Amino acid sequence: MNPALLTLFPLLGFVVIGLFGKWLKHEKVIGVVGSGAIFLSFLVAVVLFCDLLQMPEESRSYVSTVYTWIATGSFSVNVAYRVDQLSVLFALIITGVGFLIHVYSIGYMHGDKGFARFFAYLNLFVFMMLNLVMASNFLLTFLGWEGVGLCSYLLIGFWYDRKFEGSFITWTGDAAKKAFIVNRIGDFGVLIAMFMLFNIFGTLDYGEISQHAQGVFSMGDTAVTIITLALFLGCTGKSAQIPLAVWLPDAMAGPTPVSALIHAATMVTSGIFLIARTNVLFALAPATMAIVAGVGIATALIAGTIGLVQNDIKKVLAYSTVSQLGFMFTALGVGAFTAGVFHVMTHAFFKALLFLASGSVIHGMHEEQDVQKMGGLKKYMPVTFATWIIGTFAIAGIPVFSGFFSKDEILWNAYIGGGPILWGIGAIAAFFTAFYMWRLTSLTFFGKERFDHHSVHPHESPVTMTAPLVILAVLSAIGGFVGIPHVIGHLINVPNYIEHWLEPVFSSAQAILPAHVGEYSALEWTLMGISTVVAVSGILLARTFYAAGPERAHQLAARFSLLYKILWNKWYLDELYQMLLVNPIYIASRDFLWKVVDVVVIDGIVNGSARTIAASASILRRLQTGIAQNYALLMMAGIVVLIVIVLYPFFS
Amino acid sequence: MNFDILGSLPLIVIWLALGVVGIIIQAFVRSDSTRLVYGYYIGTLVTTGLLAAATISNQGTAFGGMVTLGGWAAVFDLLFCGAGVMAMLAAQAYLGRFNSELDEFYTMLVSSVAGMMLMAHARNLVVLFVGIELMSISFYIMAGFFRSRDKSLESAMKYFLLGAFATGFLVYGMALLYGATGTLDYSVMLKVIAAGTARFPVLLALGAVLLTIGLSFKIAAFPFHQWAPDVYEGAPTVVTAFMSTAGKAAAFSAFLAVFGVIMPMVKVASMTPTLQLVLAVISAATMLIGNITAVAQTNVKRMLAYSSVAHAGYMLMGIVAGTTFGQSAVVYYAFAYTFMQLGAFIIVGLLEREDETSLMISDYSGLYRKHGVFAAMMAVFMFSLAGIPPFAGFFGKYMLFYAAIESGFTWLTIVAVASSVISVWFYLGLIVKMYFSEPNPETHEANAGLAGISLAVCTVAVILLGIMPRIITGMLGN
């Protein structure tokens with residue numbers, strides 16, 4: 001199976017819907033074309049996966065060149081896809097979860113005037129994302145990287161005429177711009193890394209760079225540290241980590257399926273992907289690894305605390321995404337690449353589920369997003385409720401649900417790779433996760449009905465929306481079984497499939513990194529037990545707190561008003577950026593760059609040269625007399641000059 | 001010596017179809033409608049184009065070494081026939097609106113294609129000359145095809161007078177080359193020049209420069225460009241579309257032969273030390289003059305005419321570089337340029353009114369409101385002409401610039417970049433007019449009809465070539 005088919009279908013979907021969406025008219029046709037394209041792509045991913053399975057393990061990685069993109073002199077880049085365990089796993093997640101979200105969108109976007117535009121963007125997004133993960137070289141990944149950034153911009157600002165209350169922004173368009181600009185800062189890092197890599201290796205091909213990296217760099221070289229730090233800067237942008245995390249919560253301005261697809265399941269994991277793809281480089285830079293782990297765990301904790309007090313259902317989920325991504329980076333930082341990628345997968349299931357379920361709630365509540373105005377929705381939306389509970393258990397890390405296995409593996413690796421402190425912070429963040437998730441659950445589905453019965457009539461969503469919820473709920477429940485840790489696995493005789501599957505991808509990096517040998521099973525059981533206690537106690541505490549509604553929490557907030565205010569205002573991160581970066585830049589650009597550099601210098605030069613050109617244009621124009629004889633005269637003059645110049649050397 | 005029938009088929013088919021069957025049809029099959037001839041000639045061009053595509057790898061010579069077969073010549077055939085078909089698809093309705101749809105038009109168009117093909121295939125200066133003249137004379141006639149319109153007649157007359165003037169130098173140059181080398185055959189001439197056994201080095205140099213001058217007139221390079229704006233403006237728009245693209249590409253195919261086969265650029269320096277520099281200066285002056293003058297234009301046709309002058313300047317960079325890469329850059333650019341310029345002119349033709357109005361840039365105000373698709377396509381062509389990625393024009397310029405830098409002509413590349421910046425002014429200016437100005441209430445209805453096919457092909461090609469440049473550069477294999 002040609003991997004180009006994987007990207008072809010979404011591209012076709014984008015072109016067809018984008019160009020002919022107006023003529024297709026019927027939502028059903030557009031929805032079927034859009035979802036069908038992703039489904040076909042999913043089938044291709046499945047076939048590629050089965051192909052890989054049938055191959056001997058050592059050859060489960062090949063490059064398929066679609067065509068030569070640029071070939072000039074020493075610089076050559078192919079549009080080529082690298083099919084291996086990592087890329088196929090990501091492709092399965094992207095197309096599988098992506099398909100469900102497309103189906104869901106048919107119901108969710110029903111009646112929207114931009115229905116076709118929405119599906120065109122979604123297809124384009126999947127196309128770009130697949131290019132990002134399938135690429136065999138940095139340049140193609142970067143194309144996808146920028147592409148998903150663009151799609152994210154288009155989709156966050158999809159309802160471009162709506163107001164949106166965010167930090168320092170008032171319109172959905174502002175949120176879109178914020179996401180784009182913050183991401184650009186990260187992209188700058190990726191570009192720098194690419195320039196340096198090309199300068200050192202003379203190629204941008206992943207295979208060649210990984211192969212030669214150990215020969216070119218020694219452990220902890222400055223160059224490789226700078227390269228990986230620059231790459232990581234890009235990752236903090238796309239994956240919303242501190243310091244570039246601020247865009248993701250405001251990205252909730254887009255329609256909910258977008259939040260589910262882009263800001264939970266796929267785009268934000270591209271940072272994880274990039275590090276996983278370049279694992280050898282990161283393994284050679286221990287300083288960067290430490291920073292990755294540190295940033296990851298800090299983000300996990302801080303975003304978790306913010307999530308404790310927010311009232312917008314989607315905003316809580318957004319901060320929870322930031323926090324979960326922090327967990328993944330922690331795993332990467334301690335060298336547990338497999339654990340990080342495993343959490344990408346389970347997180348894609350349960351976070352897509354939670355976002356879509358929240359969308360179902362919002363839909364049923366007539367666009368209400370404030371959980372304080374909900375309550376008791378359990379009986380109105382049984383399917384949404386049931387699936388939501390499964391998603392909550394999964395993200396909280398209740399045993400046997402998917403999130404338990406992946407999060408536990410991350411915490412375990414944090415302990416052995418990073419020490420008890422790293423683990424301890426992770427456990428606290430996990431506790432917060434369980435707490436704020438059950439807080440949402442209580443306020444939304446249990447307790448008194450706090451909405452106005454006259455204007456709001458909660459109802460269950462149509463089957464196009466609930467069916468994806470059910471499928472994702474099943475995946476969230478059982479998805480973790482592919483990664484059962486060895487201590488449990490050898491009791492029940494089930495291998496850790498995902499670790500085994502991904503092993504070849506990370507083998508060379510693991511060979512560089514320090515190995516952790518020894519008998520830890522008692523410790524691992526203990527930590528697993530603590531994780532479970534943490535998750536359950538987080539839920540129980542939230543339950544006692546919010547069972548009756550938000551009143552008790554209000555009292556507590558009043559007592560700890562300072563802390564509450566800090567959390568409510570998201571640690572003043574936006575304010576800090578506004579004060580330290582945005583305002584100085586704004587003032588500098590207005591008072592200096594604009595009023596001096598632009599108006600005086602540049603406009604002077606531009607207008608000056610423009611006037612010069614316009615003036616010379618009118619002179620040249622006058623040469624064009626329209627009289628053939630004059631033209632012949634100029635020709636003759638030209639001929640004489642040319643002959644003189646050419647013959648001059650012969651007579652000198 | 002075996003006669004390569006297969007390789008010669010594109011040439012044989014178009015000549016038989018034009019010179020034998022076509023004339024019989026027009027002489028004996030009487031019909032009030034032009035449909036038969038129209039369909040017949042479209043079929044001819046399509047068949048020839050397909051045959052050319054099939055014979056690209058079939059390289060060789062034929063007719064006693066007078067023509068080369070396959071290779072770049074066949075790639076160029078594809079361009080000529082493709083451009084011809086696209087121009088014909090646009091021409092029928094256009095000429096019909098001006099009450100000038102006569103079947104002779106299609107004959108002239110196909111005969112100009114036949115001439116271009118000879119130019120690309122020529123391996124003998126006489127064949128080259130016959131090709132150039134066949135193409136040029138067909139163009140003179142087509143330029144004056146609106147017989148009742150002064151502008152069209154003026155255009156034809158100017159083109160003819162100045163063209164004849166330039167032809168004089170062309171023939172003179174050929175004669176001098178013959179005198180110096182004793183042959184008209186490209187490959188023999190190459191041997192003589194390479195061995196340094198030419199009898200009169202001065203005459204050789206003079207011949208070379210006169211030949212360059214003759215060809216420079218055909219591509220409208222400075223200072224032999226002044227005919228172009230007047231002729232392109234006055235000629236029927238579909239004719240302008242065709243001759244400013246395929247005609248220019250044909251002249252470049254001759255340029256490639258002269259400076260690739262007869263006197264490869266690496267040899268030129270030993271022959272006439274200053275000729276390469278002269279070409280470089282012509283290239284720089286052409287793009288600067290073309291782009292700067294285009295800024296001052298108010299008529300879209302004239303603006304595009306000057307832009308066409310500028311693009312000849314860019315393409316000359318590849319000739320100046322003289323490397324294999326530079327040559328493939330010229331071929332690539334010829335395709336890219338043909339699609340974007342042809343497409344732009346076809347849209348101009350569609351919007352043009354029968355009283356020769358709606359040709360001003362101001363007439364394009366708010367075009368997207370009424371003709372959203374035309375405006376979008378025009379925007380694509382303008383972006384591509386300005387050299388903005390991911391369109392074909394960007395990649396073509398990139399290749400040409402790269403070739404020039406590689407050959408040490410950094411200053412020429414700097415001039416080219418600067419003049420590209422100037423060109424953004426008027427290309428984007430048109431886009432701004434189309435999208436950000438209040439609609440012009442007088443914009444009339446316009447239906448694409450068959451021209452829509454040409455436009456769709458041009459648009460798709462401009463995008464596709466930009467993303468997959470190897471479509472062209474890979475045609476000859478590596």
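Visitor: Is A:Glu449 buried, partly exposed or exposed?
Guide: Keep in mind that this is a predicted model. Buried would need under 20% relative accessible area and exposed over 50%. A:Glu449 comes out at 24% relative accessibility, so the label is partly exposed.

Visitor: Which residue forms a salt bridge with A:Glu449?
Guide: A:Glu449 sits in the loop between α18 and α19 of chain A, and its partner lies in the loop between α15 and α16, so the pair ties together parts that are 70 residues apart in sequence. The closest N and O atoms are 2.7 Å apart, and the residue is A:Lys379.

Visitor: Over in chain B, how many residues apart in sequence are the parts that B:Arg302 and B:Asp230 tie together?
Guide: These two side chains meet in a salt bridge at 3.2 Å, N to O, and both are buried. B:Arg302 belongs to helix α13 and B:Asp230 to helix α9, so the parts they link are apart in sequence by 72 residues.

Visitor: How many salt bridges does the rule find across the interface of chain A and chain B?
Guide: The two chains bury about 3500 Å² between them, 78% of it on carbon and sulfur atoms. On the side of chain A that touches chain B, the classes are 26 nonpolar, nine polar and one charged residues. For salt bridges across this interface, the count is zero.

Visitor: Which element gives the largest share of the side of chain A that touches chain B?
Guide: β1, α25 and α26 of chain A each supply at least two residues of that side. The largest share, 17 residues, comes from α26(A).

Terms used: Residues numbered from 1 in each chain as written. Chains lettered and ligands numbered in written order. Predicted model: local features only at pLDDT ≥ 70, side-chain atom pairs only at ≥ 80, totals over all residues. Heavy atoms only, no water. Buried area = accessible area lost by both parts, 1.4 Å probe. Salt bridge = Lys/Arg side-chain N within 4 Å of Asp/Glu carboxyl O. Helix = DSSP H or I, 4+ residues; strand = E, 2+ residues; numbered from the N terminus. Nonpolar A, V, L, I, M, F, W, Y, C, P; charged D, E, K, R; others polar. Buried < 20%, exposed > 50% of the residue type's maximum accessible area, 1.4 Å probe, protein only.
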